[in-house]
Amino acid sequence: MGKIIEVARLQHKYGDFQAIQDLSFDVQQGEVFGLLGPNGAGKTTTVRLLNGMFEASGGSISVMGFDPMKSGEKIREKSGVLTETPALYERLTARQNLRFFGVLAGMDDQQIERRSHELLEMFDLSHRADDRAGTFSKGMKQRLALSRAWLTNPKLLFLDEPTSGLDPEAAAQVRELIADVRQKEGTTVLICTHNLDEAQRLCDRLLIMRQGSTLAMGTLPELRKLVSPGMWLEVQLLSPFEKMDQIRTITGVLSLDVHSSQSVKIEVESEATIPQIVSGLVALGALILRLQPQEIPLEQVYLQLQNNNHKGHNGGAK
Amino acid sequence: MNWRKIRIIAWKDILEVRQNKSVLISMVMVPLIIMVVLPAVMLVVVNTTGSADALNDPDIQMMFERIPPSIAQMLGDLNDAQLSVAMILGFLFAPMFLIMPLMLSSSIAAESFAGERERKTLEALLYTAATDTELFIGKALAAFVPAVLVSLVSFIIYTVVLNVGGYPIFGYVWFPLDTWYPLVFWVMPAFSALGVGATVLISAKVQTFMGAYQASGSLVILVLGLVVGQASGLIYLSVWVGLVLGFVVWLAAGVLFFMAIQQFNRKTLLYQSAH
């Protein structure tokens, strides 16, 4: 599996403002890669740079083997983009919208017709194909915009906030469609989002950005390790336990978070140490009611990383 | 350059324009009033009264006094009623005809360039594989071609109205006068191009269709200048004046287009829509 995007020490300035600073990452063919970060972190600017819409002021980019500064057109021809707003021509029908973008992508009439039919079916819009896009609900518009992004069978798809502004039901539907279609078509996807739940569900790897540079990058387990080196076990006890502090002495325990005399969270080195922890607890006389391994949600990882970085910028942690 | 892409950009813009009521109304009402209603009223008045009172108007008198010999020769054999119709509808009205290409081209260009940003569709368009030049030409043609076509059709209708309505006065097909040919086939397209070029430049500075349309509406001053120029006898739209005027307007349109193309690139357009 090769790299479809390679970015090294990327720089970009808007006037005097340094929008992107020393950004480096790569995206493997077939993976779903997430760019996370608050508003203004530089996610959309990165996508624009990758598509040759802006010129980088430093560093290098390669997208599908092309340099966006020289061959932006070729990249745009072979990739699909979903912008933050659906950006549909509301006075045109769904079919006319697809036809317009198909011709601009260099597809012939037959290809456009066949592919439009296929996508409208796939995104459940066939029954409204000849209605104006302006009459569609937000969810339908987003589905049409996704059909447009997928029109050319792109090898690479850029999705900028794909579920922004949608109600939970429509957002879930769009997420499901992205996962399904991506699997069917084998598309590499780069998603910009600040919806952490979405990123956790869809992305194979994540890049967390802050102020135009990399804060952290990796798979979710790798990112979890950055904020917490071990894994957490939530333990519920049958009766109050007085020797909570002694749990620290069990081999493999890294830290403790005592909630009450019957409830405690234990950070352990790895999954392999769980039997050892259970024996230790039993040896201390604890009556275990329930023990559940817990994974730190991406939201907690993200907030902690952003927070650590913020403290760092303001003179370090207390 | 890919002409299929250019055609689809123009097709899309024209399709959108057809559904924008404010543009559509101006495309129908302006030609209707200038090219049908006003001349028809004038012809009905002259037909029913047989009067040539208009010739006593001081403005018309001033035009007569300063009329160039070539035009005097053209009008030499006409009686007073014929003369009043020919002077007003054949000469004084000529610059009014130029309002149409200006208004139509600038309203469509405003819809096409500023409207795209207003409706937040610009970014998706810029993410396509069309080059900056293809996008610019497609959009410029979407404004230029309908403006020229509607103006040509209006000219044909005006010709019919003047000859049918003027038949009782003239007794023969008297219009178009020779001075109209350079006006219609040389100056009118130049004015259409001028309207497009100016509106594209203005669209870069304003965020809405109406803003761009209203700002480019100030170009009508050029036409009013011609009306006043003719009425005061300062300038006559003779064949030669038409040819020179067309050349100057084409030149101005060329400069505006050059400036517009310079700023019509993805980077500038994205910065403009972000700020």
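1. Along its principal axes, the C-alpha trace of chain B spans about 65 × 30 × 30 Å.

2. Before reading on, please note that this is a predicted model, in which local features need pLDDT of at least 70 and side-chain atom pairs count only at pLDDT 80 or more, while totals for chains, interfaces and linings use all residues. Residues are numbered from 1 along each chain as its sequence is written, and chains are lettered from A and ligands numbered from 1 in the order in which they are written.

3. Chain B has 14 helices and zero strands. Helices here are DSSP runs of H or I with at least four residues, strands are runs of E with at least two, and both are numbered from the N terminus. Buried residues make up 45% of chain B; a residue is buried if 20 or more other C-beta atoms, placed from the backbone, lie within 10 Å of its own, exposed if 12 or fewer, and partly exposed in between. Among the contacts in chain B with a separation of 6 or more, 89% link residues 24 or more positions apart. A contact means that the C-beta atoms of two residues, placed from the backbone, lie within 7 Å.

4. One helix pair in chain B is worth a look. The axes of helix H2 (residues 21-49) and helix H7 (residues 99-118) of chain B come within 10 Å and cross at roughly 180°. These axes are lines fitted to C-alpha atoms over the stretch in contact, and angles run from 0 to 180 degrees between N-to-C directions. H2(B) and H7(B) are therefore roughly antiparallel, a label for angles over 145 degrees, whereas angles under 35 count as roughly parallel, 65 to 115 as roughly perpendicular and the rest as oblique. Residues of H2(B) in this contact include B:Val23 and B:Ile34, and those of H7(B) include B:Ile99 and B:Glu111. By class, the contact has ten nonpolar, two polar and one charged residues. Ala, Val, Leu, Ile, Met, Phe, Trp, Tyr, Cys and Pro count as nonpolar, Asp, Glu, Lys and Arg as charged, and the others, Gly among them, as polar.

5. Also in chain B, a cis peptide bond with omega of about 10° joins B:Phe175 and B:Pro176. B:Pro176 sits in the loop between helix H9 (132-170) and helix H10 (180-205).

6. Where do the chains meet? In all, 21 residues of chain A are in contact with 20 residues of chain B. Helix H2 (68-78) and helix H3 (94-104) of chain A each give two or more residues to the side of chain A that touches chain B, and H3(A) supplies the largest share, four residues. That side of chain A divides into eleven nonpolar, four polar and six charged residues.

7. Chain A is divided into domain 1 (3-224) and domain 2 (229-294), with bounds from an automatic or database domain assignment. The C-alpha centres of the two domains lie 44 Å apart.

8. Two residues of chain A have a positive phi without being glycine: A:Met64, at about 50°, and A:Gln211, at about 45°. A:Met64 is in the loop between strand S4 (58-63) and H2 of chain A, and A:Gln211 is in the loop between strands S8 (205-210) and S9 (213-218). A:Met64 is partly exposed, with 19 other C-beta atoms within 10 Å; A:Gln211 is partly exposed too, with 16.
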